[in-house]
Amino acid sequence: MNHTPRIRTVVSCTLLVVTLVAGATACGEPDGHPLSLKPYDAADLVSFNGPSGNEKADPDKPLEVTVKEDDARITDVTAVDREGRHLAGELDADGKRWHSTTSLAAGTRYTVKVSTENGDGAPGSRTYGFGTTSAKKFLKVTFGPQAGTYGVGQPVTAELSAPVTDKASRATVERGLQVRSTPAVTGSWFWVDAKTLHYRPKEYWPADATIDVRSNLKGIKVTNALYGGAAKSLKLTTGDRIEAITDASDHSMTVLRNGEVINTLPVTTGKPGFETRNGVKVVLAKEQFVRMRGESIGIAAGSSESYDLPVYWATRVTWSGEYVHAAPWSTGSQGSANVSHGCTGMSTADAQWFFETVREGDIVKVVGSDGETMTPFDNGFGDWNLDWDAWRKGSALHGGGTPDSATDVEAARLRPQV
């Protein structure tokens, strides 16, 4: 079957340069090239296996477009869903067939645009539209922390409603969880467990940054029976870069704002047997008053180490009960000896100043202690105690080895159309 208009090369066009300069109409067609023509409707030239009318496509059924004529070929196919995500596909070398290479998204609508060329080189096009059936089981994602302003050490968290264990599925999840910051940074997700991910940059977040977090997994197949569900996006900002560095051997804390020292405070840290943890911690919460009991850290009531104290201006840095707080009972040792049960103690005035200076997500780093290093995930945010290479090993995309070809093509359909 022929599709007009057909283009024939006129010999005089190739021989007379003057003719080309004087006017392209000597070639017999506008601009003298088939691609300058308005594409014809290629409905009779191509065959599409997608649904018609009100029917909906099975997301697991691949799409296929083929040409019906021997001298025609497909030049391009794009399939985009309503979220702007491209469906990955392959076009045969001879241009006779295009097919999708990943599952379609569930519960959405696709627009498929096919470009063709007939035997005479004339361009054709055809557009198809159809919906896909909805999924029955969804993977829900909840981002944390709550929207607000945080310190530069605050990780982003993602909690999944169901466990994801295999590498290919984890790679799909990571591609669909997007974190973008202004200014831009290099960052990566880390799989804490099968239902929890943390995201952090290579270095701390920049001061005064804006961080946008969203899921692009809606309708995307994660496992054989599980598809991504809708998720609420998250916007965070950072304030100044506040870092509190406690030297347990020197019994002092140095506080910096954006790299400049703003205060140096005498402190006391954990005594032998109760040494304060070394490493980077992140402010988790601020509590103006806390009642502290020795039993909460395993000290038997009535023993020589037992205590039950009212504590003010308490800044929490671990879930197990390590704080920076007012300790008026130990002012004689602050700046000279370590006498606490693991917390960082200071005068009431200094503790109030510290409490009012820091916010959640700010950095509290301890050096020079005989204690162990803060663990990464089980007692607060110790994420920064992993170096960048170790952090990337916790990613299914970066540390788990290069994804195989079957999962690598998933990247295309998780990338919104620009």
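1. Let's start with histidine 198, which is found in strand β16 (residues 196–201); strands here are DSSP runs of E with at least two residues, helices are runs of H or I with at least four, and both are numbered from the N terminus. The model is a predicted one, where local features need pLDDT of at least 70 and side-chain atom pairs count only at pLDDT 80 or more, while totals for chains, interfaces and linings use all residues. Residues are numbered from 1 along each chain as its sequence is written, and side-chain values use heavy atoms, with hydrogens and water left out.

2. Is histidine 198 buried or exposed? Histidine 198 has a relative accessible area of 6%, so it counts as buried (buried is under 20% relative accessible area, exposed is over 50%, and partly exposed is in between, with a 1.4 Å probe and protein chains only). Its side chain makes a polar contact of 2.7 Å with the side chain of aspartate 383. A polar contact is a pair of N or O atoms within 3.5 Å; within protein, one must be able to donate a hydrogen and the other to accept it, and residues adjacent in sequence count only if both atoms are side-chain atoms. Leaving aside neighbours within four places in sequence, histidine 198 is also in contact (heavy atoms within 4.5 Å) with residues including Trp189, Phe190, Phe377 and Trp391.

3. For a charge to sit over a ring, NZ of Lys or CZ of Arg must be within 6 Å of the ring centre and within 35 degrees of the ring normal.

4. Now the cores. A nonpolar core is a set of buried Ala, Val, Leu, Ile, Met, Phe, Trp, Tyr and Cys residues joined through side-chain atoms within 4.5 Å. The largest one has 58 residues, and Val112, Leu177 and Trp189 touch the most other members. Apart from it lies another core of 17 residues, among them Val255, Leu265, Trp313 and Met346.

5. Which residues are buried in helix α4 (residues 348–357)? They are Asp350, Ala351, Phe354, Phe355 and Thr357. Seen down the axis of α4, these buried residues fall within an arc of 165 degrees, so they line one face of the helix; the arc is that of the directions from the helix axis to the C-beta atoms. On the other side of α4, Ala349 and Glu356 are exposed.

6. On to the rings: the structure holds 11 aromatic pairs. Rings of Phe, Tyr and Trp (its six-membered ring) pair if their centres lie within 6.5 Å; planes under 30 degrees apart count as stacked, over 60 as edge-to-face and the rest as tilted. The planes of phenylalanine 289 and tyrosine 312 are at 55 degrees, with ring centres 5.1 Å apart, so this pair is tilted. Phenylalanine 289 is in strand β24 (residues 285–293) and tyrosine 312 in strand β25 (residues 308–316), 23 residues apart.

7. Tryptophan 313 and phenylalanine 355 make an edge-to-face pair, 5.2 Å centre to centre with 70 degrees between the planes. Tryptophan 313 lies in strand β25 and phenylalanine 355 in helix α4, so the pair ties together parts that are 42 residues apart in sequence. Tryptophan 313 counts as buried at 14% relative accessibility, and phenylalanine 355 does at 11%. The charged end of lysine 286 sits over the ring of phenylalanine 355, 4.9 Å from its centre.
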